[in-house]
Amino acid sequence: RCRPIMSMVRGRAIEYRVKAGSRATLELTINDSTGSAKSLTDASTYNTGRWKVWKPDGTLIIDGALTYDNRANGIVTYSLTAADTAITNAGNWDGEIELKNSAGTVVEQTQTFSFVIEESY
C-alpha cells in the first residue's frame, strides 16, 4: 500500500508520490476537525466515494471509486489503474477525496493533497 508522506511541497500537508505505470493501492485516513480518525460506519451518510486528482486547468486525470477499507477508523483506499498512471499523466497535481451519501450527494471533501506521478526511466 502507498500511504501518504508528510510534505511541505506546494503548501500541502499530504503528498502521494508514485511512478508512472504504478498499480499501487493508495490509503488515506479521513480525520475529523480535531485531527482524530473519523468513523465512517454510517453507510447511509458515507455510502460511496471518489478519489480525484486534477491538473491545474481542472482536467481530471483520476476520478475513481474508492473503497471503505476500515470504516470504524476512517480508512479509505483506491487502487491505481493503468489509465491513472499513464506516462502522459506525469506531473505534480492536486487531489481530494469526496464522500457521498446514499442519495449520491457529496457530504464531505478532504483537504487537498499533492499527487505526483513521476516518469519511470
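The model is predicted. Three strands make up an open sheet, and the structure contains six salt bridges, several of which are picked out below.

**The sheet**
- The strand order is E3-E7-E6, with antiparallel pairing.
- Strand E3 (25-29) and strand E6 (67-70) each have a single partner strand, so one side of each has no neighbour in the sheet.
- On average, neighbouring strands here are turned by 35 degrees against each other, direction ignored.
- E3 is joined to strand E7 (residues 75-79) by five bridges, and the two run antiparallel.
- Thr25 has Ser79 in E7 as its bridge partner.

**Salt bridges around Arg17**
- Arg17 forms a salt bridge with Glu15, where the closest N and O atoms are 3.2 Å apart.
- Arg17 also forms a salt bridge with Glu118, with the closest N and O atoms 2.7 Å apart.
- Glu15 is buried at a relative accessible area of 4%, while Arg17 is partly exposed at 38% and Glu118 is partly exposed at 23%.
- Through shared partners, salt bridges connect Glu15, Arg17, Lys19 and Glu118 in one network.

**Glu108 and Lys38**
- Glu108 and Lys38 meet through their side chains in a salt bridge (2.7 Å, N to O).
- Glu108 sits in strand E9 (residues 106-109) and Lys38 in the loop between E3 and strand E4 (48-54), so this pair links parts of the chain 70 residues apart.
- Glu108 has a relative accessible area of 18%, so it counts as buried.

Methods: Residues are numbered from 1 along each chain as its sequence is written. This is a predicted model: local features need pLDDT of at least 70, side-chain atom pairs count only at pLDDT 80 or more; totals for chains, interfaces and linings use all residues. Side-chain values use heavy atoms; hydrogens and water are left out. Two strands pair if DSSP finds at least two bridges between them. Helices (H or I, at least four residues) and strands (E, at least two) are DSSP runs, numbered from the N terminus. Axes are lines fitted to C-alpha atoms, for helices over the stretch in contact, and angles run from 0 to 180 degrees between N-to-C directions. A salt bridge is a side-chain nitrogen of Lys or Arg within 4 Å of a carboxyl oxygen of Asp or Glu. Buried means under 20% relative accessible area, exposed over 50%, partly exposed in between (1.4 Å probe, protein chains only).
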